[in-house]
Amino acid sequence: MSKNAKIGVLVAAVAVVVAAFVILRPGDDGGTQATGTTSNQATTPQAITTQPEKPKSAVATIRISGGQPVGGVRELTFKEGGTIRFRVTGEADDEVHLHGYDIEEPVGPGKAAKFSVPATITGRFEVELHNTATPIAEVTVEP
């Protein structure tokens, strides 16, 4: 195939791609407005930007029964800059203490202790029932 023939094939291929784009481009409504009438004005395609939806992470729930965490001491890991989120339910009144962040939340029958704390301190922190000093979780905040 000669050089001119190759250039001709390339030009034809580009023309086909451009024509396909013009005919099939997204958002092209052929000038029809929402009322169903045809517009004589030129329409400008508008870009539609979508944000990917962030997956919702399940909030860890630690259940206290007989003064002990059901299933043993939980290991919870979070990223620095994120949010430490967990909740504790129990059958007896107590305080849940997140060491390192020095935050306490009440827990008891019908009242869950809910934690939603900015993860600003890296390290490993114990979570305990304050009145009995029973460990119920280890929170790790990674850089």
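Reply:
**The salt bridges and their surroundings**

From the N terminus on, the order of elements is α-β-β-β-β-β-β-β-β-β. That comes to 1 helix and 9 strands. Helices (H or I, at least four residues) and strands (E, at least two) are DSSP runs, numbered from the N terminus.

First, a word on the basis. The model is predicted, so local features need pLDDT of at least 70 and side-chain atom pairs count only at pLDDT 80 or more, while totals for chains, interfaces and linings use all residues. Residues are numbered from 1 along each chain as its sequence is written, and side-chain values use heavy atoms, with hydrogens and water left out.

Now the salt bridges. The structure holds 3 of them. A salt bridge here is a side-chain nitrogen of Lys or Arg within 4 Å of a carboxyl oxygen of Asp or Glu.

Start with Arg124. Its side chain meets that of Glu75 in a salt bridge, at 2.8 Å from N to O. Arg124 is in strand β8 and Glu75 is in strand β3, so this pair ties together parts 49 residues apart in sequence.

Arg124 has another partner. Glu138 also forms a salt bridge with Arg124, with the closest N and O atoms 3.5 Å apart. Glu138 lies in strand β9 and Arg124 in strand β8, so here the tied parts are 14 residues apart in sequence.

Is Glu138 buried or exposed? Glu138 counts as buried because its relative accessible area is 18%. The cut-offs are these: buried is under 20% relative accessible area, exposed is over 50%, and partly exposed is in between (1.4 Å probe, protein chains only).

The remaining pair is Lys79 with Glu142. Their closest N and O atoms are 3.6 Å apart. Lys79 sits in strand β3 and Glu142 in strand β9, so the pair ties together parts 63 residues apart in sequence. Lys79 is exposed, at 51% relative accessibility. Glu142 is partly exposed, with a relative accessible area of 32%.

Stay in strand β9, which covers residues 134-142, and find Thr140 there. Thr140 is buried, at 15% relative accessible area. Which residues does Thr140 touch? Leaving out residues up to four places away in sequence, they are Leu76, Thr77, Phe78, Gly123 and Arg124. Contact means heavy atoms within 4.5 Å.

The largest nonpolar core has 23 residues, and Ile84, Phe86, Val88, Val96, Ile136 and Val139 touch the most other members. Two or more residues come from each of β1, β3 (74-79), β4 (83-90), β5, β7, β8 (123-129) and β9. The most come from β9, with 4 residues. Such a core is a set of buried Ala, Val, Leu, Ile, Met, Phe, Trp, Tyr and Cys residues joined through side-chain atoms within 4.5 Å. In soluble globular proteins, nonpolar side chains tend to be buried together.

Beyond its neighbours within four places in sequence, Val96 contacts a list of residues including Val88, Ile103, Phe115, Val127, Leu129 and Ile136.

Next, the pairing around β5. Strand β5 (residues 94-98) pairs with strand β6 (residues 103-107) in the antiparallel sense, over 5 bridges. Two strands pair if DSSP finds at least two bridges between them. Asp94 has Val107 in β6 as its bridge partner. The two strands form a hairpin with 4 residues between them, and Gly100 in the turn has a positive phi of about 85°.

Asp102 is in the loop between β5 and β6. Asp102 has a positive phi near 50°, and it is not a glycine. Asp102 is exposed, at 60% relative accessibility.

Ala133 lies in the loop between β8 and β9. Ala133 has a positive phi of about 55°, although it is not a glycine. At 44% relative accessibility, Ala133 is partly exposed.

Last, the whole chain. Of its 143 residues, 24% count as buried. Among contacts between residues at least 6 apart in sequence, 55% join residues at least 24 apart.
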